[in-house]
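I'd like to walk you through one protein structure, piece by piece, so please have a look at it while I talk.

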Amino acid sequence: MLEAAQLGLQGILAWPAFGYLLLGITLGVFFGMVPGLSGLSGMAILLPFTFDLQAYEAMALLMGMYAITSTSDTISSVLLGVPGTAGSQATIMDGYPLAKKGEAARAFGAAYTVSGFGGVVGAILLVCSIPILSPLVLSFGAPEFFLLGVLGMAMVGALSGNAPAKGILVGLLALQFSMIGYSPQDGIPRFWFGMPYLLEGFPIVPCVLGLFSLPEVVELAVRRGTLSEVPKMGKGLWDGVRDAARNWWLALRCAVIGAYIGFIPGLGASIVDWVAYGHAVQSNKDPEAEFGKGEIRGVIAPESANNAMKGGSLIPTIAFGIPGSATMAILLGAFLIHGIYPGPELLSTRLDVTFSVIWALVIANVLTAILLMGCTNQLAKVTTIRGSVLIPVILVLVFMGSWMATQELGDWLVLMGLGALGYLMKRWAWPRPPIALGIVLGPIMERYLDISVSRYGWAWLWQRPICIILILMTLATLYYATRAQMRRQQPGEV
């Protein structure tokens, strides 16, 4: 194993593989920064260019790009309030308020530190977890995947804001939105109102950009000031690094959470940052913490988790040939193109290729954290630009990113419709995250529920041990969120 690790490192550091790694990192910064683009888009675009490359070179290019999109997406999330990728939605909750307070550099320092840390932790867990966790993933069936989605919805709904009932209600409403389009069971169109665009359901990219981006643009236009509400930059880069060091235990816990969620096929970036953010809120013992208003731990938790998720998502792809996400499905295609077959081959005769992927993941995360820290002060100066200058740029990025979904006019209509809904929800203090998560998880949960009931009836609710554990975790999440709300309403109670 040590010999394979050494061969993998030599293969990645040799030229031209290392040059392709640097090229992948550069492209990854772009794909992460531009809202609507992501590692999925980058992987799909770059895959044809790997046909004539050697295995090490192809893995360096693809993993260099993929590994750091969840680091560079922090730039637009913090400075513009626009999620660069799906994995940076929760970062906006506290990263953008920090920018408006003039502490964008502090947010960057903390985010880049824990992003590099989370990426390394995810890679380490990838090495250590394959022989340990393989029986667990094989024990997960349709009932477990359905209840895992229920747990994710419960965490986001109950822990997004000071009114868990509102969050849960919004989540349930979003599950109804997710039923628009073809039924996953029998292909019958539902709630499409004669519009072919709705037959495939709501694309997640216009939904996310509408909910979280357009409301911020409208607010910036109404305010008629700069992005930063405080003229000075405030605490800087190294303050954020020290914040990350002080909260190392939270970063480590969220990295483990992120790696595990990445390990479960079908979830990944759509849920990992919200689960980590919910964990940070739920485990908080500081009565003065104000999550959603510029709490640095609200940046540390999701940024550590979404980078560690990359390592976790590689586990089922490499060990079992089961893509953990659409991006991993493209990576699986890259393996097959180069004559590499996941499973026993990647864990035995081609173990050096597996380690080349792991080394690329580690090196890309560390290099990106260092490089982005070097230009953080220049990036943070964007917060001093007047909104009248920024608004056209943000709108172009938002509409361009939305158009990438299906390249139809309906993408822009969904963007503007959910933008109006998101603005009203923000004005009336209704949580928006459950809508995005419900649209993503709805079809997955519906499919797994149908399989579970048709195969096991309803007996799986009390006959499968993992299902019982997930049900208890969901109930505990709702209980603690409700109790916390009651304590906030009765501050005098001991």
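Predicted model: local features only at pLDDT ≥ 70, side-chain atom pairs only at ≥ 80, totals over all residues.

The protein chain has 22 helices and 2 strands, so helices will come up a lot, as that's how DSSP runs are sorted here. Of the 494 residues in the chain, 56% are buried. The accessible surface comes to about 20,700 Å², and 69% of that belongs to carbon and sulfur atoms. Here's a number I like: take the contacts between residues at least 6 apart in sequence, and 78% of them join residues at least 24 apart.

Okay, the core. Which residues touch the most other members of the largest nonpolar core? They are Leu-21, Met-59, Met-63, Leu-314, Leu-331 and Phe-335, out of 43 residues in that core. Several helices give two or more residues to it, among them helix 1 (2–13), helix 2 (17–33), helix 6 (104–139) and helix 15 (326–337). The largest share, 11 residues, comes from helix 4, which spans 55–79.

Let's zoom in on Met-59. If you leave aside its neighbours within four places in sequence, Met-59 is in contact with Gly-64, Leu-331, Ala-334, Phe-335, Val-353, Ser-356 and Val-357.

While we're on covered places, have a look at helix 5, residues 91–100. How many of its 10 residues are buried? The count is 9, including Thr-91, Asp-94, Tyr-96 and Lys-100. Just after helix 5, Gly-102 takes a positive phi of about 90°.

Next, aromatic rings. For a pair of rings, you describe the distance of the centres and the angle of the planes. The count here comes to 5 aromatic pairs. Phe-108 and Tyr-112 are stacked, 5.4 Å centre to centre with 15° between the planes. Both sit in helix 6, and because they are 4 residues apart there, about one helical turn separates them.

Now for a pair with another geometry. The ring centres of Phe-399 and Trp-412 are 5.7 Å apart, and their planes are at 70°, so this pair is edge-to-face. Phe-399 is in helix 18 and Trp-412 is in helix 19, so the pair ties together parts 13 residues apart in sequence. Phe-399 is partly exposed, at 23% relative accessible area, and Trp-412 is partly exposed as well, at 29%. There's also a cluster, where ring pairs link Phe-146, Trp-458 and Trp-460.

On to charges. Side chains of opposite charge can pair when their charged atoms come close. The model has 6 salt bridges. In one of them, Arg-464 pairs with Glu-144, and the closest N and O atoms are 2.8 Å apart. Where do the two partners sit? Arg-464 is in the loop between helix 21 and helix 22, while Glu-144 is in helix 7, so this bridge ties together parts 320 residues apart in sequence. Glu-144 is buried, at 2% relative accessibility.

Arg-190 and Glu-446 make another salt bridge, at 2.7 Å from N to O. Arg-190 belongs to strand 2 and Glu-446 to helix 20, so here the parts tied together are 256 residues apart in sequence. Arg-190 is buried at 16%, and Glu-446 is buried at 18%. Then there's Glu-295 with Arg-297, at 2.9 Å between the closest N and O atoms, and both are buried. Finally, Arg-106, Asp-243 and Arg-246 are linked in a network of salt bridges.

Last stop, the outside. Leu-169, Leu-424, Trp-428 and Trp-430 form a nonpolar patch on the surface, with about 430 Å² of accessible area together. Leu-424 is in helix 19 and is partly exposed, at 38%. Ala-420 lies in helix 19 too, and at 42% relative accessibility Ala-420 is partly exposed. The C-alpha atoms of Ala-420 and Val-218 are separated by 9.6 Å, although the two residues are 202 apart along the chain.

How values were computed:
Residues numbered from 1 in each chain as written. Heavy atoms only, no water. Core = buried A, V, L, I, M, F, W, Y, C linked by side-chain atoms within 4.5 Å. Buried < 20%, exposed > 50% of the residue type's maximum accessible area, 1.4 Å probe, protein only. Contact = heavy atoms within 4.5 Å. Patch = residues over 30% accessible without salt bridge, like charges linked within 9 Å, V, L, I, M, F, W, Y side chains within 5 Å. Areas by Shrake-Rupley, 256 points an atom, 1.4 Å probe, with all protein chains shown as cover. Salt bridge = Lys/Arg side-chain N within 4 Å of Asp/Glu carboxyl O. Phe/Tyr/Trp six-rings, centres within 6.5 Å; stacked < 30°, edge-to-face > 60°.
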